[in-house]
Amino acid sequence: MESSFSSPNQTLARIQRVLEVSLILNSTLDLDRLLELIIETAEEIIRSEGASILLLDEDTGELSFLAATGQKREELKPIIVPLENTIAGYIVQTGMPLMIPDVSHDPRFGGQVDDATGFITRSILGVPLMVRDQIIGVLEVVNKMDGAQFDEDDAYILTMLGAQAAIALENSRLVSELQRAYTELGELDRLKSDFIAIASHELRTPLAVILGYATFLQGDMTGAARGHLDLVVQSALHLRSLIDDMINLRHIDAGDVSVARERCDFVELVRNVALEFQELSLAKRQSFVLTLPDHPLPAHLDREKIRLALANLISNAIKFTPDGGDIHVEIPLEDPDRLTVVVRDSGIGIPADQLARIFDRFFQVEPAYTRRHEGIGLGLSIARTLVEIHGGTIDVQSEPNAGSVFTIRLPVGAPLS
Ligand code: ADP
């Protein structure tokens with residue numbers, strides 16, 4: 001009997017080949033191509049008549065052929081190999097390579113696979129495929145060419161190839177799991193957007209009715225009843241701003257936000273938005289100070305969108321500043337090329353490591369379940385988008401327990417004709 005490839009030079013050449021192949025294995029994530037490459041390489045380097053990969057199904061505890069070389073490959077696919085009384089099963093259970101020079105004398109060889117395929121197995125060499133101490137399957141070669149015997153060198157080389165193959169298979173499995181997770185996330189995202197669209201639309205109409213009647217009744221009421229009704233109106237207005245945020249988000253997602261610029265006075269715009277919130281701030285006994293220039297600042301912008309962005313900043317400033325704190329809305333005049341408005345508060349501030357994230361959708365510094373403040377975490381993300389579509393920026397500076405400063409900077413806009 002001839003024993004081939006056992007000289008040191010030949011072993012080295014085979015190791016080199018395994019290394020070459022492992023480079024390719026690690027650069028491809030296509031599972032079918034990986035499997036083909038592994039079994040073709042096993043067959044070629046070990047010089048065997050056939051090679052196969054069996055994968056362990058963790059749920060059933062059975063092995064099945066994932067890939068095989070040769071003409072019988074299709075017949076092999078449906079065959080299930082149990083762990084008991086089979087060679088592959090023995091390799092899985094011991095976690096060790098197994099070399100059987102003559103299967104006809106081995107009680108572990110049942111011959112069921114040969115019966116099903118018509119192939120005649122004489123000798124087998126198999127190694128476990130392991131990922132982090134877990135056996136995921138078996139790599140087998142059958143019948144050494146030219147009637148030769150498998151030897152220790154073959155077992156060594158096949159073990160090396162098996163180790164590389166197991167890593168590549170695991171990587172490919174992880175990538176396809178990740179892809180599936182991404183697809184599921186995409187689907188969830190779509191469902192969330194649909195939900196927001198339907199919910200915001202369905203909530204808007206009944207809310208308009210509540211708000212309409214409540215505002216109408218306000219005029220007729222006095223005393224305690226008036227106080228209660230004021231609360232109803234206040235809560236309904238809050239709900240409306242949440243729904244507006246959701247609707248804006250949907251438009252932003254759909255890419256249908258356009259800037260409808262009109263000529264206006266920036267100072268008047270800022271003053272009007274600030275005055276909308278004055279009462280809310282005074283109810284918290286905060287000092288609410290406006291520092292605005294005493295002359296108009298001509299602007300060319302989408303009034304409604306900038307109003308909404310600024311409203312989000314001012315309402316946050318009031319919300320995140322305790323009773324008795326200070327709110328300051330200012331238009332500084334230092335940069336003639338920019339329209340700037342600064343909203344400053346003496347509130348709870350934002351930790352430095354969270355600053356970059358507060359403009360993300362649904363991000364809130366306090367986790368939802370311990371929150372003491374209202375809101376759904378959309379205001380800043382919408383504000384930033386609305387400012388950015390004007391070519392502007394929003395910056396924040398903040399220190400925990402010392403307060404926050406949000407600055408909107410807008411280009412002066414198209415020349416006014
Ligand atoms: P919401 O106010 O609905 O929670 P926002 O997108 O407006 O959502 O703000 C995101 C988060 O940023 C807030 O939950 C809060 O943690 C933090 N934040 C925003 N403005 C301030 C502020 N002026 N002071 C302290 N924290 C703030």
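Residues are numbered from 1 along each chain as its sequence is written, and side-chain values rest on heavy atoms, with hydrogens and water left out. Because the model is predicted, local features need a pLDDT of at least 70 and side-chain atom pairs count only at pLDDT 80 or more, while totals for chains, interfaces and linings use all residues.

**View 1**
The ligand is surrounded by 21 residues, of which the closest are Asn-316, Lys-319, Gln-364, Gly-377 and Leu-380; a residue is near the ligand if one of its heavy atoms lies within 4 Å of it. Polar backbone atoms of Gly-377 and of Leu-380 are each 2.8 Å from an oxygen atom of the ligand, and a backbone N or O atom of Val-365 lies 3.0 Å from a ligand oxygen atom (a polar contact is a pair of N or O atoms within 3.5 Å). Of the 530 Å² of accessible area that the ligand has on its own, the protein covers 97%, with areas taken from the Shrake-Rupley method with a 1.4 Å probe. Two or more residues of the shell come from each of helix H9 (303–319), helix H10 (379–388) and strand E13 (403–411), and H9 gives the most, with three residues; here helices (H or I, at least four residues) and strands (E, at least two) are DSSP runs, numbered from the N terminus. By class, the shell holds eleven nonpolar, seven polar and three charged residues, where Ala, Val, Leu, Ile, Met, Phe, Trp, Tyr, Cys and Pro count as nonpolar, Asp, Glu, Lys and Arg as charged, and the others, Gly among them, as polar.

**View 2. Lys-305 in helix H9.**
Lys-305 has a relative accessible area of 17% and is therefore buried (under 20%, whereas exposed means over 50% and partly exposed in between, with a 1.4 Å probe and protein chains only). Leaving aside neighbours within four places in sequence, Lys-305 is in contact with Val-257, Ser-258, Leu-386, Ile-389 and His-390, contact meaning heavy atoms within 4.5 Å.

**View 3. The aromatic pair of Phe-359 and Phe-406.**
One aromatic pair is found in a search of the whole structure (ring centres of Phe, Tyr or Trp, taking its six-membered ring, within 6.5 Å; planes under 30 degrees apart are stacked, over 60 edge-to-face and the rest tilted). The centres of the Phe-359 and Phe-406 rings are 6.4 Å apart and their planes stand at 70 degrees, so the pair is edge-to-face. Because Phe-359 lies in the loop between strand E11 (338–345) and H10 and Phe-406 in strand E13, the pair ties together parts that are 47 residues apart in sequence. Phe-359 is buried, at 7% relative accessible area, and Phe-406 counts as buried at 7%.

Definitions and conventions. Polar contact = N/O pair within 3.5 Å; in protein donor to acceptor, adjacent residues only side chain to side chain.
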